[in-house]
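These are my notebook entries on a single protein chain. I set down what I looked up, in the order in which I looked it up.

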Amino acid sequence: EALGLMWGASGQVRCMKRRAVLDERTCFACIIADGTILPLGAKLYDHPRGRCYLVPWVIGGKEPTWLYGLTWFLAQPPEKQRDILGGDYYDAWRDGEFELEDLYMIEHDEEWGDSVQVKPLRDLM
């Protein structure tokens, strides 16, 4: 939040993009949110000790792009997709029970505050 406000105060940044470390340890909600555009000053909902960060989109510069989370995930072999999602989620997704974007939610915790979470499978079915 503070970083976005500092970037906004500089007058050189138009907005921010969320970036996640993309590997087998990454929460699937973070994979989904990777590449999301956030306004300056918006809060980055992450996990305690999370591995997501913000990338500035500089005014007059090209939009920062990379292989975004969902595209990265879909490019993985089925075995790796299953490892990342977990067997029950993977099977339900492959059976058309939900769209991958449906897995993203914000959950509030009294101790840690708001963070991104994967929606429980029972709520998707």
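**Entry 1: conventions and fold.** I took helices (H or I, at least four residues) and strands (E, at least two) as DSSP runs, numbered from the N terminus. The model is a predicted one, so I noted the thresholds: local features need pLDDT of at least 70, side-chain atom pairs count only at pLDDT 80 or more, and totals for chains, interfaces and linings use all residues. Residues are numbered from 1 along each chain as its sequence is written, and side-chain values use heavy atoms, with hydrogens and water left out. I then read the order of elements along the protein chain as α-β-α-β-β-α-α-α-β-β-α, which comes to six helices and five strands.

**Entry 2: extent and surface.** I found that the C-alpha atoms fill a box of roughly 50 × 35 × 20 Å along the principal axes. The accessible surface (Shrake-Rupley method, 1.4 Å probe; for residues, only the protein chains shown count as cover) comes to about 7,500 Å², and 50% of it belongs to carbon and sulfur atoms. I recorded 39% of the 125 residues as buried, that is, under 20% relative accessible area with a 1.4 Å probe, protein chains only. I also looked up contacts, meaning heavy atoms within 4.5 Å. Of those with a separation of 6 or more, 60% join residues 24 or more positions apart.

**Entry 3: nonpolar cores.** Which residues have the most contacts inside the largest nonpolar core? I defined such a core as a set of buried Ala, Val, Leu, Ile, Met, Phe, Trp, Tyr and Cys residues joined through side-chain atoms within 4.5 Å. The largest has 16 residues, and those with the most contacts inside it are Phe-28, Phe-73, Leu-85, Trp-93, Phe-98, Leu-100 and Leu-103. Helix 2 (28–33), helix 3 (69–74), helix 4 (78–85) and helix 5 (87–94) each supply at least two residues of this core; the largest share, four residues, comes from helix 5. I followed Leu-85 and found that it touches Phe-28, Phe-73, Tyr-90, Trp-93, Leu-100 and Leu-103, residues up to four places away in sequence not being counted. Apart from this core lies another of six residues, among them Trp-7, Met-16, Leu-38 and Ala-42.

**Entry 4: Gln-76.** The side chain of Gln-76 reaches the backbone oxygen of Trp-72 at 2.9 Å. I also recorded a polar contact of 3.2 Å between the side chains of Gln-76 and Lys-80; the term denotes a pair of N or O atoms within 3.5 Å, where within protein one must be able to donate a hydrogen and the other to accept it, and residues adjacent in sequence count only if both atoms are side-chain atoms.

How values were computed. Buried < 20%, exposed > 50% of the residue type's maximum accessible area, 1.4 Å probe, protein only.
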